[in-house]
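Follow along with the picture as I go.

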Amino acid sequence: MNKYFDIFMPIGPSDYEIAEKSILNKRQYIKNLGDIYYCAQKDLNLSAIYVPESKYPFDLESVKENIKCTEGREGWYYQQLKQLYFGSLNLSGLDDYLTICTDVFFNQEISFFNGNLPIYTYGHEILNQPYFSHMRRLNPELKCFDGKSAISHHSIFNKHILQELFSDIEDRLGAPFWVAFLRAVDEKESAAGAAEYELYFNFLRLKNYPIETRVLNYLDTGAFWYGQNSGAPFFAYHWYLRSGFKNQKENFKKNVSFFLKRLFNQHN
């Protein structure tokens, strides 16, 4: 029997409008799912358990104070830390949780454990070297063990292994993990200078934890209907692509309306 786990989703304002739809989709397709938790700037009254930002030992201001970031990306690092620290909040009796982007939707049933073994999906991304430089500053033994990205819009975390990771870094650097994580970001690379998924996955490899990996042909899109009919096991319905697609649709409608009016006037 496959292991049960919870879901944790950090939800930003750009995804508020799709959040409930996303939660219902995950309940429909993800096997062995426990509870769904989410964190946002406010309670969105969703069919999931709300986690206030005040639960965390850091906030956005403390993130800004501890990172040399000039790219306006502090919120992105704040989200990463929320995902890493969710297990430390001890809100659930389960040991494992899936962090997943709100904009991810599934088209078919999917498992994230094979028995007790967590399953990790390789990402489509080209390896971003600053991520690995960052993790080496935290622990010189860390590296990209598989030669592939572990970033694929979701990841399974175990709260006990996370505590091991936190202790390892804190013992080495003499600071709370979240502070060390932020201070290890190179200012020149702060637009994309750290990745919690790469850090955790390669810590698993370093410590030889048994896991499974897979490749899934997922899709990134701004058109929900296209993702839903793509045949992909899941798709990411990104806000920055949605906004562009909406503009294209509006422009198309305006052009068609203009053409029809012009055609009508020519015949009257």
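These entries cover the sheets, then the helices. I kept in mind throughout that this is a predicted model.

I began with the open sheet of five strands, and I read its order as 3-2-1-4-8, with mixed pairing. Which strands stand at the edges? I found strand 3 (49-50) and strand 8 (154-158) there; each has a single partner strand, so one side of each is left without a neighbour in the sheet.

I then looked at one pair in detail. Strand 2 (residues 33-39) pairs with strand 3 in the parallel sense, over two bridges.

Helix 7 touches strand 4 and strand 8, and its direction makes about 50° with that of strand 8. Helix 1 (residues 19-29) lies across strand 1 (5-10), strand 2 and strand 4 (96-100). I noted that helix 1 runs at about 165° to strand 2.

**Entry: the three-stranded sheet**

I also looked up an open sheet of three strands, in the order 6-7-9, again with mixed pairing. Its edge strands are strand 6 (113-114) and strand 9 (212-214), each of which pairs on one side only.

Strand 6 and strand 7 (residues 117-121) are antiparallel partners, joined over two bridges. Here I marked Asn-114, which stands opposite Leu-117 in strand 7.

**Entry: helix 4 against helix 7**

How do helix 4 (residues 129-138) and helix 7 (residues 196-206) cross? Their axes come within 10 Å and cross at roughly 55°. That angle makes helix 4 oblique to helix 7. The crossing is right-handed.

I listed who makes the contact: Tyr-131, Phe-132, Met-135 and Leu-138 from helix 4, with Glu-198, Leu-199 and Asn-202 from helix 7. Sorted by class, these are five nonpolar residues, one polar and one charged.

Is helix 4 largely enclosed or left open? I found seven of its 10 residues buried, so helix 4 is largely enclosed by the rest of the structure. The buried ones are Pro-130, Tyr-131, Phe-132, Ser-133, His-134, Met-135 and Leu-138.

Last, I asked what covers these buried residues of helix 4. The cover includes helix 3 (74-85), helix 5 (159-173), helix 6 (177-183) and helix 7.

How values were computed: Residues numbered from 1 in each chain as written. Predicted model: local features only at pLDDT ≥ 70, side-chain atom pairs only at ≥ 80, totals over all residues. Heavy atoms only, no water. Pairing = 2+ DSSP bridges. Helix = DSSP H or I, 4+ residues; strand = E, 2+ residues; numbered from the N terminus. Axes fitted to C-alpha atoms, helices over the stretch in contact; angles between N-to-C directions. Parallel < 35°, antiparallel > 145°, perpendicular 65-115°, else oblique. Left-handed = near helix turned anticlockwise from the far one by under 90°. Contact = heavy atoms within 4.5 Å. Nonpolar A, V, L, I, M, F, W, Y, C, P; charged D, E, K, R; others polar. Buried < 20%, exposed > 50% of the residue type's maximum accessible area, 1.4 Å probe, protein only.
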